[in-house]
Amino acid sequence: MVSTEESEVPSDLKSRMQATYDTIAVAYNDALADENDQIRRKYTSQLIDLLQQSSIKEASILELGCGAGVPGTSTLLESQNPEIHVIGNDFSSGQLDLAHQRLQSFEDAGQLELRQGDMMALDFPPASFDAVVGFYSIIHLPRAEQTELLGRIVKWLKPGGYLLANFSKEEFSNRVNTQWLGQKKGWAYWSGWGEEGSAKMVEEAGLTIVVREISDCENDAMFLWIIAKKL
């Protein structure tokens, strides 16, 4: 079986997704590197431009589902204006092991902190970040958790801060692929409110959308890319 719709959220969703990313960490980054890298760099550059326009000299950024850290985290950290400090979160120890290897110099310089765990378990004081970023990560949450997380993100953002994230263009409740990327142990889960539903979710959380675009990648999947600002 490859891809199926399921009526309910799998009870072991988080543990199975963690096991998948631990197992296929290298294969995932190799398979999706070229196509996804270009898209991530495009929107990361747009975010950095917006931070520059806000005259921010040092920016604190939370990356949800940072994975191996390339190119999302690394592109952020390479910015000199503003200088960026990142807290990178991922529940996969396999992915974070790769991130430690690739980004050790930024950790040594105090610009990067990597935290393992479920993004839904994170807790930060209000107004902690200039931006929160989620590349291909929030879509792994059930839809109810996506909505809940957006509310938390708004609290974590400083006034004038930004969310950069992608969501499914298609609306569906629970989708499972048991051999994602052709991997026998590639069990994966996604959900989505769709283009209009996701944009509405972001706006109802208290953010103003400044960039809204559709891009395709990852086996021709279509994604809604949003950069939104907390006023």
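This is a predicted model: local features need pLDDT of at least 70, side-chain atom pairs count only at pLDDT 80 or more; totals for chains, interfaces and linings use all residues.
Visitor: Why is Ser92 called buried?
Guide: Buried means under 20% relative accessible area. Ser92 comes in at 0% relative accessibility, so it counts as buried.

Visitor: Which residues is Ser92 in contact with, leaving aside its neighbours within four places in sequence?
Guide: Those are Gln18, Tyr21, Asp22 and Gln116.

Visitor: And what does the side chain of Ser92 reach at 3.5 Å?
Guide: The backbone oxygen of Tyr21. A polar contact is a pair of N or O atoms within 3.5 Å, with a donor and an acceptor, and the Ser92 side chain is at 3.5 Å from that Tyr21 oxygen.

Visitor: How do you know that residues 61–161 carry a domain name?
Guide: That one comes from UniProt, where an unreviewed entry puts "domain: Methyltransferase" at residues 61–161. In the model, this span is 36% helix and 28% strand, and its end C-alpha atoms lie 10 Å apart.

Visitor: Which residues touch the most other members of the largest nonpolar core?
Guide: Out of 45 residues, they are Met17, Leu47, Ile61, Leu76, Tyr136, Leu164 and Trp225. Helix H2 (residues 25–53) gives the largest share of this core, eight residues. A second, separate core has 28 residues, including Leu141 and Phe167.

Visitor: What does Trp225 touch, not counting residues up to four places away in sequence?
Guide: Among them are Ile39, Tyr43, Phe135, Tyr136 and Leu164, as well as Asn166, Arg212 and Glu213.

Notes
Residues are numbered from 1 along each chain as its sequence is written. Side-chain values use heavy atoms; hydrogens and water are left out. A nonpolar core is a set of buried Ala, Val, Leu, Ile, Met, Phe, Trp, Tyr and Cys residues joined through side-chain atoms within 4.5 Å. Buried means under 20% relative accessible area, exposed over 50%, partly exposed in between (1.4 Å probe, protein chains only). Helices (H or I, at least four residues) and strands (E, at least two) are DSSP runs, numbered from the N terminus. Contact means heavy atoms within 4.5 Å. UniProt positions are given in the numbering used here, feature names are shortened, and annotations may be inferred rather than shown by experiment.
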